[in-house]
Amino acid sequence: MKTVSHAAAAEIFIKDEPRTDWHDETLWFVRQKRDKAAHGLPEWELLRSWASQIKDNVLSNLDTYLIDFEKKAQANGIIVHWAADAEEHNKIMLNIIQKNKIQKIVKSKSMLTEECHLNEYLLKNGVEVVDTDLGERIVQFRNEPPSHIVLPAIHLKREDVSETFHKHLQTEKGNNDPQYLTEAARQHLRDKFIQSQLAITGVNFAIAETGGFVVCTNEGNADMGAHSAAIHIACMGFEKIIPKAAHLSVFLRLLARSATGQPVTTYSSHFHKPRPQQQLHIVIVDNGRTKQLARADFRNSLKCIRCAACFNTCPVYRKSGGHSYHTAVAGPIGAILNPNMDMKANADLPFASTLCGSCSNVCPVKIDIHQQLWKWRQVLAAEGYVATNKKIGMKVMAFVFSKPKLYQLAGKMGRWVMRTFPALIQNKFNPWYKQREMPTPPKQSFMEWYEKRR
Amino acid sequence: MVKIINIKNVKIHLFVPCYIDQFYPQVAIATLQLLEKIGCQVIVPINQTCCGQPMANSGFANLSKECDRNFINNFKEADYIVAPSGSCVLHIKEHLKDENRTQEVTHIQNNIFELSEFLIDILNITQLPARFPHKVGWHNSCHGQRGLHLSSMSELVAPAFSKPEKLLNMVDGLELSIPVRRDECCGFGGTFCVFEEAVSVKMGKDRVTEHEANGVEYITGGDTSCLMHLEGILKRQKSVIKTIHIAEILNKM
């Protein structure tokens with residue numbers, strides 16, 4: 001299936017302007033909450049520096065931290081698996097499921113399984129997974145991917161949720177009351193938890209020092225699943241490792257404030273060993289991360305703690321919606337992570353930015369996101385993933401700008417054409433002119449004026 | 001009155017971004033007149049063209065070698081380089097390149113200034129003989145703000161300041177209006193404005209809407225590129241709001 005480019009998908013999204021405004025304002029509200037929370041801590045910038053430095057240390061010592069973590073986790077009775085890519089990750093999951101003859105599975109808080117397309121893979125193998133986080137469940141009912149890594153159904157209004165629940169949970173048609181709808185979801189999910197035999201969760205932080213891991217949630221579904229099912233599988237990208245438990249005091253303060261403006265998530269659940277008779281598995285996944293680690297300009301994108309602050313602040317994201325990015329992780333961070341996985345398919349994403357730099361400023365681990373977007377553009381152009389007409393245009397410009405006399409002449413002629421034959425410029429083939437007037441070309445350039453004045 | 005800085009032996013080279021040269025000469029004229037009024041000796045290298053940003057931001061920085069060479073030839077001898085554009089100045093600071101002339105490149109990068117930072121940080125301007133009795137909305141251009149730190153940024157926990165606002169507050173009769181989303185991008189973004197036309201225009205429209213609600217007569221800023229984009233939208237909407245570069249306001253008597 002050919003993916004629609006960000007620009008084309010965004011154009012469709014924006015056609016419904018009131019809805020675009022609503023989407024923009026909803027996420028801007030989250031950004032404002034983040035600002036309020038950040039400004040409440042005088043040491044905020046210091047915390048960001050610490051988090052960034054801890055992650056720098058992690059990325060330079062992954063080999064030892066991961067092995068330390070594995071040893072400690074195994075000593076605690078956790079079964080550790082290693083997956084080189086999405087396929088291996090999915091196979092490991094299916095294998096555990098089949099070996100234990102599991103039929104009822106619940107899942108909570110895992111963007112990694114979205115990245116690996118686990119649900120689709122398991123469905124193909126006859127296994128259904130129920131996403132238990134409210135937003136995830138809503139988009140799962142609708143057969144859509146999440147549009148945001150923290151707020152997966154942020155593109156939907158309560159009317160949409162009501163319609164979806166009417167179809168799947170037989171709620172009253174047209175009842176848009178959030179309390180009523182949440183209660184319906186709660187009852188529905190309660191059943192799923194009680195019946196569940198296996199729970200899948202993500203991992204926010206895995207601690208090398210202790211072999212334990214932390215999952216941060218607001219709804220508590222990771223705990224509900226892990227505490228009711230006989231098997232718990234936690235999936236993590238290998239960059240989720242932190243050296244010491246003490247470092248949680250930096251990351252837990254940054255994560256929720258950056259994500260939603262809360263001081264801390266409702267639940268920060270620490271898992272260290274299985275309960276008696278419970279199996280606890282951890283799947284540690286690479287899936288392109290070593291490749292990114294080897295790219296000097298892009299390695300520090302692996303510091304990401306998936307708070308989505310860069311989504312909420314990005315005006316392009318707010319006005320184009322997460323689905324326009326056609327990848328599991330959208331937004332500015334997605335635009336620097338995804339070209340690593342598939343340059344050709346994701347060549348449009350680093351260009352879906354004005355390079356305004358707000359993303360880098362909100363990032364709690366100080367990833368230079370907008371600089372990396374610029375650098376990806378250079379890589380994509382060099383590798384031939386930029387449209388030929390754009391390339392030719394740039395070559396012509398570069399030539400003209402390198403010859404001052406030619407530049408002056410071309411400018412003079414260009415302005416003359418614009419004044420004399422405006423229809424040549426002011427037409428439907430000019431994307432500028434579609435919704436904007438052209439600047440009025442003056443008779444004299446500055447340099448012409450200056451030459452006369454001298 | 002104007003504080004005359006003793007800079008008689010200092011050469012200021014005026015860098016005029018290409019689109020200002022071709023489409024908005026009044027911005028460069030105002031910059032030149034303003035600097036001269038303050039007492040600066042201004043040299044205009046007539047063979048200057050472009051900073052190379054359009055190519056580089058499109059992924060073709062490697063195509064701008066000749067363009068970079070031309071820039072270095074025009075500005076290598078300057079004590080100070082001043083331009084009425086944060087974006088072009090930032091591009092030079094971050095990306096001007098010539099492996100065989102690194103000393104000249106470093107000299108240029110260390111001595112190039114956007115107009116308002118030059119007036120505040122180098123000339124220490126505290127008053128201006130300018131008058132502009134209008135309600136004016138301020139638009140923060142991203143590269144000047146987040147790249148050159150012309151003002152504090154809403155995302156960071158740091159003391160508030162703004163060099164351009166400081167200058168605008170010196171203008172007699174001017175009523176300054178700061179939008180609530182005080183550093184939201186306008187959506188110009190170089191070639192983004194045509195390759196992501198829908199998002200670009202939507203972002204611009206939303207900036208315009210906020211200024212309209214504030215009842216401004218003018219939108220001003222430090223980058224003509226952003227203003228050109230906003231002007232295009234305003235004109236299409238047949239709005240009464242006009243755009244004007246900060247240099248033009250500071251030069252108004």
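1. Basis of the model. The structure is a predicted model, in which local features need pLDDT of at least 70 and side-chain atom pairs count only at pLDDT 80 or more, while totals for chains, interfaces and linings use all residues. Residues are numbered from 1 along each chain as its sequence is written, and chains are lettered from A and ligands numbered from 1 in the order in which they are written.

2. Chain A overall. Chain A holds 22 helices and 10 strands; these are DSSP runs numbered from the N terminus, helices being H or I of at least four residues and strands E of at least two. Its C-alpha atoms fill a box of roughly 90 × 55 × 45 Å along the principal axes. Of the 454 residues of chain A, 47% count as buried. A residue is termed buried if 20 or more other C-beta atoms lie within 10 Å of its own, exposed if 12 or fewer, and partly exposed in between, with C-beta atoms placed from the backbone. Among the contacts in chain A with a separation of 6 or more, 73% are between residues 24 or more positions apart; a contact requires C-beta atoms, placed from the backbone, within 7 Å.

3. Helix α9 of chain A. In this helix (residues 158–169), Val161(A), Ser162(A), Thr164(A) and Phe165(A) are buried. Viewed down the axis of α9(A), the buried residues fall within an arc of 165°, so they line one face of the helix; the arc is that of the directions from the helix axis to the C-beta atoms. Glu159(A) and Lys167(A) are exposed residues on the face turned away from the buried side. The cover over the buried residues of α9(A) includes α8 (134–141) and α10 (178–195) of chain A. After α9(A) comes Gln170(A), with a positive phi near 55°.

4. Packing of α16 and α18 in chain A. Helix α16 (residues 331–341) and helix α18 (residues 369–382) of chain A pack at an angle of about 35°, with axes 10 Å apart. Axes are lines fitted to C-alpha atoms, for helices over the stretch in contact, and angles run from 0 to 180 degrees between N-to-C directions. From α16(A) the contact involves Pro332(A), Ile333(A), Ala335(A), Ile336(A) and Pro339(A), and from α18(A) it involves Ile369(A), Gln372(A), Leu373(A), Trp376(A) and Leu380(A). These residues divide into 9 nonpolar, 1 polar and no charged. Here Ala, Val, Leu, Ile, Met, Phe, Trp, Tyr, Cys and Pro count as nonpolar, Asp, Glu, Lys and Arg as charged, and the others, Gly among them, as polar.

5. A sheet in chain A. An open sheet of 4 strands runs in the order β8-β5-β6-β9 of chain A, with mixed pairing; two strands pair if DSSP finds at least two bridges between them. At its edges are β8 (241–242) and β9 (267–271) of chain A, each pairing on one side only. Strands β5 (residues 205–207) and β6 (residues 213–217) of chain A pair in the antiparallel sense over 2 bridges, and Ala206(A) stands opposite Phe213(A) in β6(A).

6. A sheet in chain B. Chain B has an open sheet of 4 strands in the order β2-β1-β3-β4, with parallel pairing. Strands β2 (41–43) and β4 (112–114) of chain B each have a single partner strand, so one side of each is left without a neighbour in the sheet. The twist averages 35° from one strand to the next. Strand β3 (residues 80–83) of chain B pairs with β4(B) in the parallel sense over 3 bridges, with Val82(B) opposite Phe113(B) in β4(B). Helix α7 (residues 115–122) of chain B packs on the sheet, touching β3 and β4 of chain B, and its direction makes about 105° with that of β4(B).

7. Gly221 of chain B. This residue lies in strand β7 (residues 218–221) of chain B. Gly221(B) counts as buried because 23 C-beta neighbours lie inside 10 Å. Neighbours within four places in sequence aside, Gly221(B) is in contact with Trp138(B), His139(B), Ser141(B), Cys226(B), Leu227(B) and Ile246(B).

8. Contact between the chains. In all, 57 residues of chain B are in contact with 58 residues of chain A. Helix α12(B) gives the largest share of the side of chain B that touches chain A, 7 residues. The residues of that side divide into 32 nonpolar, 14 polar and 11 charged.

Notes:
Contact = placed C-beta atoms within 7 Å.
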